[in-house]
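Keep the model open beside the text as you read.

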Amino acid sequence: MVSMDALWRLPVTVCRISNFLGERASGALLERAIASASGALPPSTVRVNREVDPAMRRSRSDGDFAVPELLSAIEDVREAVEQTLGVSCEGTEPSYGLNVHNDGDFYLPHQDTGPGPAAQRLLTFVYYLHRTPRPFQGGHLRVFDVVLPVHTEGAASWEDRTWRDWEPEHDSIVFFRPTAWHEVRKVSCPTKEPADSRFAVNGWLCRPEIPNPR
Ligand SMILES: O=C(O)CCC(=O)C(=O)O
Ligand SMILES: [Fe+2]
């Protein structure tokens, strides 16, 4: 008898815009990111309990990095992005920070949703900055396809996964739904200089939290 087992693969939609802010504004933002990274930044945390987990994630983060020009540019493309991704972000508030990946840094596969405030996230954005020529290798954003078994019991196995890699190109931005599984591939940065890092302003448009009626 022939096998009816099949896998249904759904590529995850990613909206990517290159040359997003233009040369001047992206250059100025890169200078601010470099200034931030030359200070003592704390290690990035993972969602659950906001803990540092070096087996899961290795990078540094600045949660107080202001990016008014980026937020207003995101507002300009928001409607088009919402239509492409099938989400409505009306009335949402941005939440974001600067993430700095240097030599050996990575972030293993994860979703951006979760319990607590992460449950309010409706849309993920990641805006990339780096010096030219790109002073690091690797560091791709890997976005996994959805894999569902058809005609079989149980779940598809992790080995069946497929993906698409996105280059963290200077002055480009990607948007995707926070439920998408994604990772940051390991970065190799031979100089190990903070200024040569892979910089990303990573954030979410979040539904306002409904106060607990009590
Ligand atoms: O830097 C990236 O490409 C993605 C970072 C990320 O997934 C996160 O901070 O949740
Ligand atoms: Fe993420």
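Helices (H or I, at least four residues) and strands (E, at least two) are DSSP runs, numbered from the N terminus. This is a predicted model, in which local features need pLDDT of at least 70, side-chain atom pairs count only at pLDDT 80 or more, and totals for chains, interfaces and linings use all residues. Residues are numbered from 1 along each chain as its sequence is written, while chains are lettered from A and ligands numbered from 1 in the order in which they are written.

**Helix 2**

Let's begin with helix 2, and with the residue that follows: just after this helix, G86 has a positive phi of about 70°. Does the length of helix 2 agree or disagree with expectation? The expected span is 1.5 Å times one less than the number of residues. Helix 2 (residues 68-85) has 18 residues and should therefore span 26 Å; its end C-alpha atoms are 24 Å apart, which agrees. At V77 the helix bends by about 50°, the bend being the angle between axes fitted to the seven residues ending there and the seven starting there.

The buried residues of helix 2 are L70, I74 and L85. Buried means that 20 or more other C-beta atoms, placed from the backbone, lie within 10 Å of the residue's own. The elements covering these residues include the following.

| Element | Residues |
|---|---|
| strand 2 | 15-17 |
| helix 1 | 23-37 |
| strand 7 | 121-129 |
| strand 12 | 173-176 |

Strand 15 is also among the covering elements.

Next comes an open sheet of 5 strands, in the order 3-6-13-9-11 with antiparallel pairing. Its edge strands, strand 3 (57-58) and strand 11 (163-166), each pair on one side only. Two strands pair if DSSP finds at least two bridges between them; strands 9 and 13 do so over 3 bridges, in the antiparallel sense. L141 stands opposite V184 of strand 13.

V143 sits in strand 9 (residues 141-144). V143 is buried because 20 other C-beta atoms lie within 10 Å. Beyond its neighbours within four places in sequence, V143 has contacts that include V12, W163, F176 and H182, a contact being two C-beta atoms, placed from the backbone, within 7 Å.

**Around ligand 1**

Which residues surround ligand 1? They are N99, Y107, D112, V126, L141, P168, H182, V184, A200 and N202, each with its C-beta atom, placed from the backbone, within 6 Å of the ligand. Strand 13 (182-184) and strand 15 (198-206) each give two or more residues to this shell.

Terms used
A residue is buried if 20 or more other C-beta atoms lie within 10 Å of its own, exposed if 12 or fewer, and partly exposed in between; C-beta atoms are placed from the backbone.
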